[in-house]
Amino acid sequence: AEFCLKNKFFWDGIIESQTNLRQFIFENASYILCDFTIKGGKFALVPSIPTGNKGLINRSKKPDISCLFTDGVVRNMEVSFLNPEERQDFTSVVRYRKETQNGFPETKSIIVKWNENKNEVDTLPIEEFDLTGFCTNPEHALFFVKYAMMVRRYVDHSIKFETTPQAAMQLEPGHYFRFASKVTHTDRFRSGVIDRSGNI
């Protein structure tokens, strides 16, 4: 609550029909840069990004690392790399709702793109984010779409593994950890073959 209040991340909308509470919280948590967790049987929202004093977002702070995993304490490790299409830069169009006291709401749009791609607006794919159902703050809409673009650019793989309860004792939902492994994964864009003539 403090995180959302300090950063002005609010959900200002109407729930028109019955909905599953867990599904509703899970779907909407990412729009306020939070993770939906269940700790001790209780629902909770925790910030997905580092925060500073009084819950404000701290852009220069690195995440606190709670645990370190190595090859000695894991088994059945699986690494999945995202396709290049899933990591392609895009131009974002985010919509939010502008409210007027005693008036009707107005839909506004913000177009966001990477600086190095400012001349490629027409060639980059366009992805739309419609936040008009709950977002009335342009700063909120802008921060969310920038975060979504950063995730698309820098997250390139996911990892899945098994470990012992003792190794994961300090972990809770939403915590960060490091993983150090000597196992290498061949990148198809950095590998090749040698033909009969000796060409690579």
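The largest nonpolar core of this predicted model holds 24 residues, and among these Phe3, Phe9, Leu33, Ile57, Val94, Phe129 and Leu131 touch the most other members. A nonpolar core here is a set of buried Ala, Val, Leu, Ile, Met, Phe, Trp, Tyr and Cys residues joined through side-chain atoms within 4.5 Å, where buried means under 20% relative accessible area with a 1.4 Å probe, protein chains only. At least two residues of this core come from each of α1 (2-7), β5 (91-98), β6 (106-112) and α3 (138-154). Helix α3 gives the largest share, 6 residues. Helices (H or I, at least four residues) and strands (E, at least two) are DSSP runs, numbered from the N terminus. Apart from this core lies another, of 5 residues, including Cys67, Val74, Phe161 and Ala167.

Phe129 deserves a look of its own. Beyond its neighbours within four places in sequence, Phe129 is in contact (heavy atoms within 4.5 Å) with Phe90, Ser92, Val93, Val94, Arg95, Phe144, Val145 and Ala148.

Now to the strands. Three of them form an open sheet in the order β6-β5-β7, with mixed pairing; two strands pair if DSSP finds at least two bridges between them. The edges are β6 and β7 (126-130), each pairing on one side only. Strands β5 and β6 run antiparallel and are joined by 7 bridges. Arg97 has Thr107 of β6 as its bridge partner.

Residues are numbered from 1 along each chain as its sequence is written. Local features need pLDDT of at least 70, side-chain atom pairs count only at pLDDT 80 or more, totals for chains, interfaces and linings use all residues, and side-chain values use heavy atoms, with hydrogens and water left out.

Technical notes. Buried < 20%, exposed > 50% of the residue type's maximum accessible area, 1.4 Å probe, protein only.
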